[in-house]
Amino acid sequence: MSGHGEAAHEAGHEGSYRLFLIVWISLVVITFVEVYIAYLEFPAVTMLLMLIGLSVLKAGLIVAYFMHMRFEKFGLFLTLVPATIFCIGMMTVIFPDSLRLLHVRLLH
Amino acid sequence: MTESHSEAVSGAWSGGGSPYAMGSKKLGMWLFIVSDVMTFTALLMAYSYSRLANPDWPRHVFPIRPAILFSTTMTVVLLASSLTMVMAVAAAHRGARGPAVRWLLATMAGGLIFCGLHITEWFHLIEEGVRLFSNPWGSPLFGATFFGITGLHMTHVMCGVIYLGVIAFGYGTSRFSDEDVEVSGLYWHFVDLVWMFVFPMIYLMSVKY
């Protein structure tokens, strides 16, 4: 990211229509893979992990190429992404409570 | 502190420089996007919490026709609009105002098609009896979370269409610069990015086999 500098910045704007098209086709293909997976009747947790995994991959492609983060200074990535992932991770602390609530409701 | 070290530190912190090598508009949009990520994450977490905690949550409600067919088409349309947005930004960086405005208009058309398909899909569910606080299948929270999350996303798309319209007009009349087009592109891609999580978590996790 930081090492690419001006040349990569130019490439990101000027000479990489092919790259953007490849990224876009990848996104569409992953979308259809997701729809296919949705009909395979996996257990809910397996299904969720597979779909979220593919969605994170799609989000990464969008942020890196369409939003040009790959061509920005690495400092921008370090400032924004780790803190965001940490905050999202902190939100998952609510899930043990949802399982407790499910257990209570099933008992009554 | 050596003299060269002192110069390097003062160079970075004495003001006037841009530590991220970008304008304040672009950095501001990135910070807004991070805050909006938190909003949508909180909503999707609340949805997941409610789904997990309710034994009577409607888990298989979206048939392939029309719901999955519509939502998949909406995803492809939104992705296509992201590609046209990339082309608009590239044209703006080349200084080609005409093509940039045309690509922006194509992006807006993509957003409008998305909203049209989404509203049609909403009406399918409303016809089946799904309301904000009730539905024929189970936990009443389903309607609230479904309409809440997809509604907030659709609001973002509609605001994006208006935003792009303003930018297209301003850039076409030379009031705005290519940076403004790029910043609006960041917003549009973010709206696309959010849908990449809403689509699998709301629709694909609840397909009717």
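## Elements and the predicted model

Helices here are DSSP runs of H or I that span at least four residues, and they are numbered from the N terminus. The model is predicted. With helices assigned in that way, B:Asp56 falls in the loop between α2 (24–53) and α3 (64–94) of chain B.

Chain A has five helices and zero strands, and its elements, read from the N terminus on, follow the order α-α-α-α-α. Of the 108 residues in chain A, 34% are buried. Among the contacts in chain A with a separation of 6 or more, 63% are between residues 24 or more positions apart.

Once residues up to four places away in sequence are set aside, B:Asp56 touches B:Trp137, B:Gly138 and B:Ser139. The C-alpha atom of B:Asp56 is separated by 40 Å from that of B:Leu83, although the two residues are 27 apart along the chain.

## Packing of α3 and α6 in chain B

Two packed helices are described by the angle between their axes and the distance between the axes. For α3(B) and helix α6 (residues 178–203) of chain B, the axes come within 9 Å and cross at roughly 160 degrees. That angle makes α3(B) roughly antiparallel to α6(B), because angles over 145 degrees count as such. The crossing of α3(B) and α6(B) is left-handed, and the residues of their contact divide into 17 nonpolar, nine polar and three charged.

In soluble globular proteins, nonpolar side chains tend to be buried together. The largest nonpolar core in this model has 87 residues, and those with the most contacts inside it are A:Phe66, B:Phe62, B:Trp195 and B:Ile202. Two or more residues each are given to this core by α2 (17–38), α3 (44–66) and α4 (74–91) of chain A, and likewise by α2, α3, α4 (97–127), α5 (141–172) and α6 of chain B. The element that gives the most is α6(B), with 17 residues.

Leaving aside neighbours within four places in sequence, B:Ile202 is in contact with B:Leu44, B:Tyr47, B:Phe62, B:Phe146 and B:Ile149.

## A buried histidine

Helix α5 of chain B holds B:His153, which counts as buried at 0% relative accessibility. Beyond its neighbours within four places in sequence, B:His153 is in contact with B:Phe40, B:Leu78, B:Phe114, B:Val191, B:Val194 and B:Trp195. Of these partners, B:Trp195 is also among the residues with the most contacts inside the largest nonpolar core.

## Backbone details

The peptide bond from B:Arg65 to B:Pro66 is cis, with omega near 10 degrees, and B:Pro66 is found in helix α3 of chain B.

Positive phi values occur at two residues described here, A:Glu41 and B:Ala21. A:Glu41 is not a glycine, yet its phi is about 55 degrees; this residue lies in the loop between α2 and α3 of chain A and is exposed, with a relative accessible area of 53%. B:Ala21, for which phi is near 55 degrees, has its place in the loop between α1 (3–13) and α2 of chain B, and at 52% relative accessibility B:Ala21 counts as exposed.

Notes. Residues numbered from 1 in each chain as written. Chains lettered and ligands numbered in written order. Predicted model: local features only at pLDDT ≥ 70, side-chain atom pairs only at ≥ 80, totals over all residues. Heavy atoms only, no water. Contact = heavy atoms within 4.5 Å. Axes fitted to C-alpha atoms, helices over the stretch in contact; angles between N-to-C directions. Parallel < 35°, antiparallel > 145°, perpendicular 65-115°, else oblique. Left-handed = near helix turned anticlockwise from the far one by under 90°. Nonpolar A, V, L, I, M, F, W, Y, C, P; charged D, E, K, R; others polar. Core = buried A, V, L, I, M, F, W, Y, C linked by side-chain atoms within 4.5 Å. Buried < 20%, exposed > 50% of the residue type's maximum accessible area, 1.4 Å probe, protein only.
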